[in-house]
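Here is a short briefing to read alongside the model. Please keep the 3D view open as you go through the points.

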Amino acid sequence: MSEKIEKPKMMDYKRHMLVCVGPRCTEDGESEDLFDSLAEKFKAAGIDKGELRVKRTRTSCFATCKSGPVMCIQPDGIWYYNVTEENLDRIIKEHFVEGKPVEDLIYHRGPECAQA
Ligand code: FES
């Protein structure tokens, strides 16, 4: 008789933010500090739960190691660079809450990218 393997559980989400915390796109751990600020910022914006919930995950490298912090937003296929704290606040308000990507911070769009 085989052992029962438990299936992982995940809460529903509207978008998934993947933040590179690797060593090459920021010099002094700015990406890690940025990631650590997300819980509080998401809660304040009301996107930590509910219909607009944004799931967040650390990644180690996207092989675009320049001008970080860099991050990818799925399923929108939007890639942001130079995500300073001020720019993060813009992304949260304009993209996640209002649904309009922040054009001047985008460095790449994925192949299936709708004009999210
Ligand atoms: S270390 Fe961040 S993209 Fe490579």
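In this predicted model, the largest nonpolar core brings together 21 residues. Those with the most contacts inside this core are Val 19, Cys 20, Val 70, Met 71, Tyr 80, Val 83 and Ile 91. At least two core residues come from each of strand S1 (15-20), helix H1 (30-45), strand S3 (71-74), strand S4 (78-80) and helix H2 (85-97). H2 gives the largest share, four residues.

- Which residues does Val 70 contact, once its neighbours within four places in sequence are left aside? The partners are Cys 20, Cys 25, Phe 62, Thr 64, Trp 79, Tyr 80, Tyr 81 and Val 83.
- Two of these partners, Cys 20 and Tyr 80, are also listed with Val 70 among the residues that have the most contacts inside the core.

**The chain as a whole**

- The protein chain contains two helices and five strands, and from the N terminus on these elements follow the pattern β-α-β-β-β-α-β.
- Along the principal axes, the C-alpha atoms fill a box of roughly 55 × 30 × 30 Å.
- Of the 116 residues in the protein chain, 24% are buried.
- Taking contacts between residues at least 6 apart in sequence, 67% link residues at least 24 apart.

**The sheet**

- The five strands form an open sheet in the order S2-S1-S3-S4-S5, and the pairing is mixed.
- Strand S2 (54-59) and strand S5 (106-109) are the edge strands, each pairing on one side only.
- On average, neighbouring strands of this sheet are turned by 20° against each other, direction ignored.
- S3 and S4 run antiparallel and are joined by three bridges; in S4, Ile 78 is the bridge partner of Ile 73.
- H1 packs on the sheet, where it touches S1 and S2, and its direction makes about 155° with that of S1.

**Helix H1 in detail**

- How far apart are the end C-alpha atoms of H1? They are 21 Å apart, which agrees with the 22 Å that its 16 residues should span at 1.5 Å a residue.
- H1 has a bend of about 40° at Leu 38.
- Ser 31, Leu 34 and Phe 42 are buried in H1, and the buried residues of this helix pack against S1, S2 and H2.
- Gly 46 follows H1 and has a positive phi, near 75°.

Key:
Residues numbered from 1 in each chain as written. Predicted model: local features only at pLDDT ≥ 70, side-chain atom pairs only at ≥ 80, totals over all residues. Core = buried A, V, L, I, M, F, W, Y, C linked by C-beta atoms within 7 Å. Buried ≥ 20, exposed ≤ 12 C-beta atoms within 10 Å, placed from the backbone. Contact = placed C-beta atoms within 7 Å. Pairing = 2+ DSSP bridges. Axes fitted to C-alpha atoms, helices over the stretch in contact; angles between N-to-C directions. Expected span 1.5 Å × (residues − 1). Bend = angle between axes of the 7 residues up to and from the residue.
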